[in-house]
Amino acid sequence: MKKTMKTLAVIAAVLLSLGLIVCVGAMATTENGFRDAVSWFTTPLFVSWDNNTHRLRVSVPEEYGEPASYDFTAAGAIREIVIETVSPRIRLVPTAGIDRMRVHYTERYDGQFIVAEDGGTLRITQDAVIGSVGLDFQSLTEEIIIEYPSGTALDALTIESVNGSVDIGALTAKTVRLGGTNGGVHLSELTANTVVYASVNGSLTGTLTCDSLTANTTNGGFTLALDARSAEFAHVNADIKLTLAGSPGEYALDYSAVNTDLEFNGRDLDAGQYTFTADGRPIVGVANAARVLRISGTNGGVSLETVRP
């Protein structure tokens, strides 16, 4: 139901845009009308979905202007981070010399982001803006920087982002969930028990150590240095490049893909199910290997390389 209503809201925003174009065109027939028309197009109208009233909301933020910066310092120890945003760049940065988590962020308008701490959970959300009508010529930067003490270990990390990049510094967490649309996620050195990644038009890059990884993308890609006991990739129109810990003999590969090239340690392989001997020779079937790698998808390329031959 929520997805349906938000879809209708987006359609309404498009219709509103067309209506504004017609109205502004009529206004621009005089000199004063032209100035008013420019004002209309340079003042953004934010279209959002009100979760309380379940209605479409169109508004001009009262304090819209130059970006404003804010700081937030957690009162106690943080065990979980939840981030749900639309457009800002998100950076998680390990920082020496601090004992509490800190958040620095910039807003396009007052109240754009909500930063709150509750029972060991740091939650960052964004005003439910679906889209905007009007042309914004201001150079505005939206960024959220989370500084945490070096060596921090979390119970959980969840990030959902649309049209925003995510950079995660060295961090340990039990459970990590990453998702979004039109944005890349880079991991400097993430260590976790379980990692789940899902994206449309997004990429996942960097260094990851985990027990279990489940990742899927459409029109995206993966470039990872990966140390995992179990990893599963599903893709459509994506390239996967993995540098795998260990040697070929440690891996069982369950591979089923259409129109996807498979290369392992520089050798092209036919689609199927394989395990690998120490010299990288494929053997049909999946044996009881120490590590399992499952890859399925359509259209793309898969390149696998082990650290040890």
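Tutor: A cavity is taken here as a set of grid points where a 1.4 Å probe fits but cannot get out, and a volume is the space filled by probe spheres set on those points. The model is a predicted one. The count comes to one cavity of 30 Å³ or more, and about 60 Å³ of space lies in the largest cavity.

The lining of the largest cavity consists of Ile159, Ser161, Gly164, Val166, Gly179, Gly180, Gly183, Gly184, Val185, Tyr197 and Ser199. Two or more residues of this lining come from each of S11, S13 and strand S14 (184–200). S14 gives the most, with four residues. By class, seven lining residues are polar and four are nonpolar, while no charged residue takes part.

The charged pairs can now be considered. Side chains of opposite charge can pair when their charged atoms come close. The structure holds nine salt bridges. One of these is formed by aspartate 155 and lysine 174, whose closest N and O atoms are 3.6 Å apart. Aspartate 155 belongs to strand S11 (residues 153–162) and lysine 174 to strand S13 (residues 171–181), so this pair ties together parts 19 residues apart in sequence. Strands S11 and S13 are also among the elements that line the largest cavity. Aspartate 155 is partly exposed because its relative accessibility is 29%, and lysine 174 counts as partly exposed at 46%.

A second salt bridge joins glutamate 147 to arginine 102, with the closest N and O atoms 2.6 Å apart. It links distant parts of the chain, since glutamate 147 is in strand S10 (residues 143–149) and arginine 102 in strand S6 (residues 102–107), 45 residues apart. Buried means under 20% relative accessible area; glutamate 147, at 15%, is therefore buried, whereas arginine 102, at 29%, is partly exposed.

In a further pair, aspartate 227 forms a salt bridge with arginine 291, and their closest N and O atoms are 2.8 Å apart. Aspartate 227 lies in strand S16 (residues 221–244) and arginine 291 in strand S21 (residues 291–306), so parts 64 residues apart in sequence are tied together. Here aspartate 227 is partly exposed, with a relative accessible area of 30%, and arginine 291 counts as buried at 13%.

Finally, Arg89, Arg91, Glu143 and Asp167 are linked in a network of salt bridges.

Conventions
Residues are numbered from 1 along each chain as its sequence is written. This is a predicted model: local features need pLDDT of at least 70, side-chain atom pairs count only at pLDDT 80 or more; totals for chains, interfaces and linings use all residues. Side-chain values use heavy atoms; hydrogens and water are left out. A salt bridge is a side-chain nitrogen of Lys or Arg within 4 Å of a carboxyl oxygen of Asp or Glu. Buried means under 20% relative accessible area, exposed over 50%, partly exposed in between (1.4 Å probe, protein chains only). On a 1 Å grid over the protein atoms alone, a cavity is a set of points where a 1.4 Å probe fits but cannot get out, and a pocket is an open set with protein on both sides within 12 Å along at least five of seven lines; lining residues have an atom within 4 Å of a point. Ala, Val, Leu, Ile, Met, Phe, Trp, Tyr, Cys and Pro count as nonpolar, Asp, Glu, Lys and Arg as charged, and the others, Gly among them, as polar.
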